[in-house]
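Here is a friendly note to read beside the structure. Please keep the 3D view open and look up each place as it comes up.

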Amino acid sequence: QPRQFHLGMFEIGRPLGKGKFGRVYLARERSSGFICALKVLYKAELQHGSGVEKQVRREVEIQSNLRHPNILKMYGHFHDSKRIFLILEFAGRGELYKHLRKENRFPEWKAAQYIAQMASALRYLHRKHVIHRDIKPENILVGIHGELKISDFGWSVHAPNHRRTTLCGTLDYLPPEMVRPHGSGNDNSYDEKVDLWSLGVLTYEFLVGEAPFEDTMVMTHRRIARADMTIPSFVSPEARDLIKKLLVLDPAKRLPLDAVQQHPWIIKHCVKGERATNREKTKGGE
Ligand SMILES: CC[C@@H](NC(=O)c1cc2[nH]nc(NC(=O)c3ccc(N4CCN(C)CC4)cc3)c2s1)c1ccccc1
């Protein structure tokens with residue numbers, strides 16, 4: 001059923017945001033009135049051979065076949081002489097990192113619900129042997145009902161993987177096995193467990209308002225390689241326990257996703273209907 005799309009089918013609305021390679025616009029498909037987000041990438045900017053156009057191809061191939069409430073849908077794609085267009089789900093409340101910056105940090109009940117949604121999305125991805133590799137607030141959007149949507153699969157790959165393209169952008173979310181230099185006693189290949197580390201970094205950043213290894217470039221490398229972080233005393237013992245079980249140097253020893261979803265901190269804030277949890281939220285005044 002993959003239909004042929006072309007630019008004339010869409011009315012283009014306001015710009016929604018921009019990434020490193022292109023911009024995204026609100027758009028409406030004329031015949032159906034369907035609202036979506038149209039991501040426009042300029043071929044000239046995806047300079048040949050830099051591996052970026054390979055990333056876009058991978059993003060399309062991977063994201064088009066995913067169906068999960070916490071993963072941004074890609075409905076189709078097309079291109080003209082100068083541009084590539086990705087037809088994406090519209091996430092009505094925008095970019096999560098802007099909410100995080102505005103609120104400084106999230107209350108524990110909200111952070112726990114977000115992490116539960118991320119764990120559910122990652123379990124779905126890992127069952128399909130897809131590693132996202134770039135889980136961070138900047139790549140997460142918020143749907144109209146407040147649900148999280150993982151977006152930007154430019155860095156996702158099929159597991160297991162040996163990284164070739166050089167990393168750029170923040171190191172904060174990278175696990176030790178990806179920041180260690182080539183050939184230092186490891187073949188620097190890695191698997192889905194890199195996303196468990198990033199989930200731990202995300203949990204920390206939701207609760208503390210900054211990443212656990214945030215520092216100068218050199219110090220961030222060193223602190224990641226040693227899992228050297230301090231968790232502030234205002235973080236609850238249950239949340240602290242989960243963070244420490246995810247930010248583990250040895251990938252094999254990181255808490256698996258099903259155990260994350262069963263963790264006391266997640267259960268406490270995510271089991272529906274119990275008066276206790278709701279009272280706790282209102283008591284917290286959030
Ligand atoms: C994550 C970056 C990535 N973005 C996407 O793919 C994106 C895909 C996609 N779908 N829906 C979006 N929604 C928004 O961007 C948005 C922003 C602000 C909104 N407002 C709601 C009301 N509020 C009061 C003010 C804010 C609502 C929706 C985005 S971004 C990207 C990567 C490369 C090039 C362009 C974009």
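The numbered points below start with the model, go on to the ligand, and then visit single residues.

1. **What kind of model this is.** This is a predicted model, in which local features need pLDDT of at least 70, side-chain atom pairs count only at pLDDT 80 or more, and totals for chains, interfaces and linings use all residues. Residues are numbered from 1 along each chain as its sequence is written, and side-chain values use heavy atoms, with hydrogens and water left out.

2. **Confidence.** The protein chain has a mean pLDDT of 88, and 85% of its residues reach 70 or more; pLDDT is the predictor's confidence in each residue, from 0 to 100. For the complex, the predictor gives an ipTM of 0.97 and a pTM of 0.89.

3. **Around the ligand.** Which residues come nearest to the ligand? Among the 20 residues around the ligand, they are Gly 19, Ala 37, Glu 89, Ala 91 and Gly 94. A residue counts as near if one of its heavy atoms lies within 4 Å of the molecule or strand in question. On its own the ligand exposes 750 Å², and the protein buries 75% of that. Accessible areas come from the Shrake-Rupley method with a 1.4 Å probe; for residues, only the protein chains shown count as cover.

4. A polar backbone atom of Glu 89 is 2.8 Å from a nitrogen atom of the ligand. For Ala 91, too, a polar backbone atom lies 2.8 Å from a nitrogen atom of the ligand. A polar contact here is a pair of N or O atoms within 3.5 Å; within protein, one must be able to donate a hydrogen and the other to accept it, and residues adjacent in sequence count only if both atoms are side-chain atoms.

5. **Make-up of the shell.** Strands β1 (10–19), β2 (22–29) and β3 (35–42) are the elements that give two or more residues to the shell around the ligand. Of these, β1 gives the most, with four residues. Helices (H or I, at least four residues) and strands (E, at least two) are DSSP runs, numbered from the N terminus. By type, the shell holds eight nonpolar, five polar and seven charged residues. Ala, Val, Leu, Ile, Met, Phe, Trp, Tyr, Cys and Pro count as nonpolar, Asp, Glu, Lys and Arg as charged, and the others, Gly among them, as polar.

6. **Cysteines.** How many disulfides does a search of the whole structure find? The search finds zero, a disulfide being a pair of cysteine sulfur atoms within 2.5 Å. Cys 36 is buried at 1% relative accessibility, while Cys 270 is partly exposed at 23%. Buried means under 20% relative accessible area, exposed over 50%, and partly exposed in between (1.4 Å probe, protein chains only).

7. **Two positive phi values.** Most residues other than glycine have a negative phi. Asn 104, although not a glycine, has a positive phi of about 70 degrees. Asn 104 sits in the loop between α2 (96–103) and α3 (108–127) and is partly exposed at 48% relative accessibility. His 129 is not a glycine either, and has a positive phi of about 55 degrees. Its place is the loop between α3 and β6 (130–131), where His 129 is partly exposed, with a relative accessible area of 46%.

8. Is Pro 107 buried or exposed? Pro 107 counts as buried, at 14% relative accessibility. From Pro 107 to Phe 206 there are 99 residues in sequence, and 8.3 Å in space from C-alpha to C-alpha.

9. **More pairs to look up.** Leu 88, in strand β5 (residues 83–88), is buried at 6% relative accessibility. Leu 88 and Ser 151 are 63 residues apart in sequence, with 9.4 Å between their C-alpha atoms. Glu 205, in helix α5 (residues 193–208), is buried at 4% relative accessibility. The C-alpha atoms of Glu 205 and Ile 84 are separated by 33 Å, and the two residues are 121 apart along the chain.
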